Amino acid sequence: DQQMLKAVLQFLRRNNLRESEEILCREAHLLGDDFGAAVATVASSSPGVAAAAAVPPGKGGARAGAAGGAALGGSASLGCLCLPQPRGLSVMLEHKEKVGGGVVEDQPDVSAVLSAYNQQGDPTLYEEYYSGLKNFIECSLDCHRAELSQLFYPLFVHMYLELVYNQHESEAKSFFERFHGDQECYYQDDLRVLSGLTKKEHMKGNETMLDFRTSKFVLRISRDSYQLLKRHLQEKQNNQIWNIVQEHLYIDIFDGMPRSKQQIDAMVGSLAGEAKREANKAKVFFGLLKEPEFDVPLDDEDEEGENEEGKPKKKKPKKDSVGSKSKKQDPNAPPQNRIPLPELKDSDKLDKVMNVKEAARRVRLGPECLPSICFYTFLNAYQGLTAVDITDDSSMIVGGFADSTVRVWSVTPKKLRSVKAAADLSLIDKESDDVLERIMDEKTASELKILYGHSGPVYGTSFSPDRNYLLSCSEDGTVRLWSLQTFTCLVGYKGHNYPVWDTQFSPYGYYFVSGGHDRVARLWATDHYQPLRIFAGHLADVTCTRFHPNSNYIATGSADRTVRLWDVLNGNCVRIFTGHKGPIHSLAFSPNGRFLATGATDGRVLLWDIGHGLMVGELKGHTDTIYALRFSRDGEILASGSMDNTVRLWDAVKAFEDLETDDFTTATGHINLPENSQDLLLGTYMTKSTPVIHLHFTRRNLLLAAGAYSSQ
């Protein structure tokens with residue numbers, strides 16, 4: 001009740017119970033206009049408590065961080081603590097400061113963010129505090145120890161930063177040296193960055209530090225373990241550690257059995273801890289869109305090429321209906337018109353007809369029937385091969401190079417030709433049946449076309465589904481759209497200010513996505529200069545991007561070691577997947593749209609159930625970064641390619657069968673991964689000193705792989 005809340009706040013103010021008042025403000029989420037009056041009353045009578053206000057969408061985003069929460073300050077009184085309830089967007093708080101009686105909004109700049117480290121205890125006691133907690137956790141019962149051990153890393157970082165910020169440099173150095181060896185191995189890279197921050201001045205320009213400060217580190221802990229921790233800190237009067245827990249950590253409490261060490265290890269490791277369970281609750285339409293129907297004449301001539309060995313021709317019905325398999329609407333599919341998709345052109349329909357004919361001859365893969373693998377090795381690629389893509393019909397292959405060129409090859413006997421000059425085109429009879437053939441200039445025919453335009457290494461390439469266009473993205477901060485009719489650049493899309501690491505066309509064409517060093521992914525349409533959506537939330541570079549098969553969602557992998565799923569319709573983040581221990585470099589959706597596979601520098605492939613928002617598998621075997629992942633056309637096999645010079649094939653059917661996705665698992669994240677993923681491994685294929693950077697299944701399930709030979 002608002003009146004009651006105002007009355008209580010005023011009572012606490014009159015009796016000078018500042019700490020209780022702060023906790024109440026925080027726990028009651030004093031947000032929005034409704035509580036404006038109460039907050040104003042509190043703020044005007046005390047310079048100590050800053051009010052927090054919700055940020056409108058797009059104002060500051062996740063980088064704005066929880067500076068509002070930090071500004072509340074003060075040391076909490078341990079007598080009247082409430083359990084922190086899960087807060088939806090505690091990160092999306094904007095910091096307000098009181099200036100001369102009025103309240104002015106202020107984006108959380110560096111000094112505001114760092115000022116949270118002002119409250120400090122006796123610097124000489126930090127080691128004692130930390131080792132006291134460490135001893136308590138190590139002596140607690142096994143079932144609680146694994147969960148409470150998650151506190152070590154975030155507490156270590158915040159206590160170290162607090163010492164550095166308050167210029168206790170020798171204490172900070174001693175603290176770091178004594179405890180950094182106790183942290184989990186997957187935080188070593190972060191600790192290396194941290195070890196370089198030894199002075200207050202270093203903190204101001206350090207992005208990793210700011211991220212750590214502005215996004216609350218999320219820990220998922222059972223209620224029993226949390227109560228145990230709280231009781232211990234109250235008894236020991238350990239205010240310093242309790243302040244950090246309150247200010248900088250978000251403890252996501254669940255009811256039920258504590259998780260085991262193995263279950264926790266599978267899910268942790270990202271820059272900001274685990275995902276809040278709330279983050280993966282939104283409904284996701286992961287089903288496929290219904291294919292448009294049209295009749296396909298299946299000619300007997302199509303069979304002639306196949307029947308040179310004198311086998312009798314099979315009798316075929318003269319008509320078949322494309323899309324007849326998916327006549328029924330998938331119950332998990334988005335509404336057909338949820339996002340506007342381009343209309344099918346006649347050439348698209350023709351391509352779909354070809355696709356159906358090819359699919360009829362597709363090899364059914366499985367453990368007993370593995371695909372053949374055809375490897376395209378780029379030899380003498382002294383320019384440095386940085387990206388590869390292959391068209392859906394496997395007729396062209398493109399390479400992006402570090403010398404800023406984009407090179408397109410034809411991998412069929414049909415050579416690449418440009419359209420004739422305008423003067424010659426005017427002489428052509430537009431009504432003739434073979435007009436599409438006549439407009440091509442035979443004099444330009446060649447197996448290779450080189451596209452010049454970028455001014456830095458090309459990190460991503462993507463063919464449009466209709467094979468008329470090609471995208472490339474580069475260190476120069478641009479994404480370029482090239483015509484494959486004229487082999488010239490049509491548009492340069494400028495939105496990223498820093499290198500763009502990846503780009504990909506939607507499976508329906510028209511839309512495309514890009515992700516880069518500026519930590520955001522952008523959704524574009526080919527006919528717009530400006531992005532349609534900006535997906536902000538990652539805490540480090542967006543390293544790879546992928547469209548869901550129904551084009552309503554986009555997955556992004558990042559150097560913050562998380563994968564996010566974004567809704568194209570409204571730009572919301574609907575899934576956050578944590579578990580990788582290194583930057584993510586490859587993503588692949590299963591053909592039915594239900595699952596996502598992700599690969600990273602940690603050499604693991606993780607499998608995710610998109611509907612339930614859960615990790616459902618872990619494939620171990622690679623010994624280096626996984627740069628390529630692809631499901632076979634029917635989803636029976638997952639292929640992975642790595643910098644360890646191998647292609648591995650995994651049994652996807654077996655990996656996804658008998659999934660335990662009951663409500664309890666979904667609610668608490670008690671995932672049970674099989675001990676050994678070797679029984680899912682169907683084959684390992686070595687290349688000759690060639691890291692694998694791209695994989696592609698042809699329409700008949702032949703696996704194509706690509707990479708550049710390295711002589712080292």
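Trainee: Which ring does the charged end of Lys-276 sit over?
Mentor: That's Tyr-250, with the charged end 4.1 Å from the ring centre. Bear in mind that this is a predicted model.
Trainee: And what lies over the face of Tyr-186?
Mentor: Lys-581 does, at 5.1 Å from the ring centre.
Trainee: OK, rings with rings now. How many aromatic pairs does the structure hold?
Mentor: There are 26. One of them joins Phe-378 and Trp-409.
Trainee: Is Phe-378 buried or exposed?
Mentor: Buried, at 9% relative accessibility. Trp-409 comes out at 23%, so that residue counts as partly exposed.
Trainee: Which residues do ring pairs link into a cluster?
Mentor: Tyr-130, Phe-152, Phe-156, Tyr-160, Phe-175, Phe-176 and Phe-179.
Trainee: Let's zoom out. How many helices and strands are in the protein chain?
Mentor: You'll find 22 helices and 36 strands. Of the 712 residues, 53% are buried.
Trainee: What about the accessible surface of the chain?
Mentor: About 31,800 Å², with carbon and sulfur atoms contributing 51% of that.
Trainee: And contacts between residues 24 or more positions apart, what share do they take?
Mentor: They account for 63% of the chain's contacts with a separation of 6 or more.

How values were computed:
Residues numbered from 1 in each chain as written. Predicted model: local features only at pLDDT ≥ 70, side-chain atom pairs only at ≥ 80, totals over all residues. Heavy atoms only, no water. Helix = DSSP H or I, 4+ residues; strand = E, 2+ residues; numbered from the N terminus. Buried < 20%, exposed > 50% of the residue type's maximum accessible area, 1.4 Å probe, protein only. Contact = heavy atoms within 4.5 Å. Areas by Shrake-Rupley, 256 points an atom, 1.4 Å probe, with all protein chains shown as cover. Phe/Tyr/Trp six-rings, centres within 6.5 Å; stacked < 30°, edge-to-face > 60°. Lys NZ or Arg CZ within 6 Å of the ring centre and 35° of its normal.
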